[in-house]
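Subject: Structure handover

Hi,

Here is the structure for your set. Please load it first, then read the notes below.

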Amino acid sequence: MFTSLRQARLLVQASHVGQRRFLSLHEYQSVQLLNSYGIPTPKSIPAKTPEEAYNVAKNFGTDELVIKAQVLAGGRGKGKFDNGFQGGVHAVSNPDQVKEYATKMIGSKLITKQTGSAGRICNAVMLAERRDPTHEYYVAVLNDRVTQGPVLVASNQGGMNIEEVAAKDPSAIITTPIDFDKGLDPAVGLDIAKKLGFKGETAQREAADIFASLYRLFKEKDATQIEINPMAETADGHVLCMDAKLGFDDNAEFRQQDIFALRDISQEEPSEVEAQKANLNFIKLDGTIGCLVNGAGLAMATMDVLSLHGGNPANFLDVGGGATPETVKKAFEILLSDSKVKSIFINIFGGIMRCDYIAEGVIKATKELGLSIPLVVRLKGTKEVEAKEMIKQSGLKIIPFDSLDEAAAKAVELSV
């Protein structure tokens, strides 16, 4: 049953191959949302400047705090800033130390195992009270393909990589289907809390209430996943959500405008943001061959063939079935914005998409953008003959192919 959790993670990654990514929130935004549903967390306050962080710490009410860099990436604690400062999460004990650390974090890029070498900019920090748990748990609400509905996934081994827990001890994962309309039955929630090992009636009741509230948030806000890791039982017998990762379905943006207003595009690849504006399905990669293809399946196959010939795609780009010459030109602009691109490979199968539209866009982009790198084109299907004639008559240095294999091999050769 743990497959449901893995599938949720894969969906978040796979959504990059769609026109929109599932929205992710910063930790401080997630905390505020949890609190709005009555879900208890350690007291937490964000700050966007070192001076603001200093004032927050000065008036927090306790000196025992944790400062956390607000960057949309995992592994922040073990990350490193581009200015050499080590770690995106630190225990701090006075306002001056808070200001010192905030100065090193805010405005710098944090590099973690999830960001790649470029890192991501830190525009804010969050100060949270230190609460020492006696035990840590894992809880998530997500959609499960097997039961075709929402489930609560829980474990008494929280505070660590849950995939590793599932691999080593599958019995440590408790998965409970949730009735979509009625939510989690209080008696069922209490039973889960007992099975997880929460001590005392107060902690068990609080945990059950949190389970129910998490599902209510999940449903009402059109979330794709809500992950609490860890959920902690404290020494005084209470339960707190210590850290949260929330994702939301972009298809629900029209009715969740307050949530989507929280989107931070500074945490996203700029070229992907531009592509989204043009309704292009684009993911930036690390290779040297720019790819422009129609259809996600053909795009994936194109990338595979390039790799088979020893090449490295610079991107995933699916122009879709409704592309226009203007859309194609915009795609070229995005491809050419990557200085690592040494050749461009266009692979179009004209079904809904007309090859002559692609050819028109290619010719227009080549002329207007002053294209200087090699361009390999393979067009098959609707209006193929007309498209090839347009390219031939253009007099431009565009290398046409009928064979996918031969075209890919040429694109790889020209990218070296």
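Cys122 is buried, at a relative accessible area of 0%. Buried means under 20% relative accessible area, exposed means over 50%, and partly exposed lies in between (1.4 Å probe, protein chains only). Cys291 is in no disulfide: the nearest cysteine sulfur belongs to Cys355 and is 17 Å away. A disulfide here is a pair of cysteine sulfur atoms within 2.5 Å. By that rule the count is zero disulfides. Cys291 is buried as well, with a relative accessible area of 2%.

**Ground rules**

The model is predicted, so local features need pLDDT of at least 70 and side-chain atom pairs count only at pLDDT 80 or more, while totals for chains, interfaces and linings use all residues. Residues are numbered from 1 along each chain as its sequence is written, and side-chain values use heavy atoms, with hydrogens and water left out.

**Overall**

The protein has 416 residues, and 50% of them are buried. There are 14 helices and 20 strands. These are DSSP runs numbered from the N terminus: helices are H or I with at least four residues, strands are E with at least two. Along the principal axes, the C-alpha atoms fill a box of roughly 80 × 50 × 40 Å.

Contact means heavy atoms within 4.5 Å. Take the contacts between residues at least 6 apart in sequence: 69% of them join residues at least 24 apart.

**Helix H2**

H2 spans residues 27-36. Seven of its ten residues are buried, so the helix is largely enclosed by the rest of the structure. The buried ones are Glu27, Tyr28, Gln29, Ser30, Val31, Leu33 and Leu34. Just after H2, Gly38 takes a positive phi of about 75°.

**Asp356**

Where is Asp356 placed? It is in helix H12, residues 355-368. Asp356 counts as buried, at 10% relative accessibility. Its side chain makes a polar contact of 2.6 Å with the side chain of Arg354. A polar contact is a pair of N or O atoms within 3.5 Å; within protein, one must be able to donate a hydrogen and the other to accept it, and residues adjacent in sequence count only if both atoms are side-chain atoms. Leaving aside neighbours within four places in sequence, Asp356 is in contact with Lys383, Ala387 and Met390.

Best wishes
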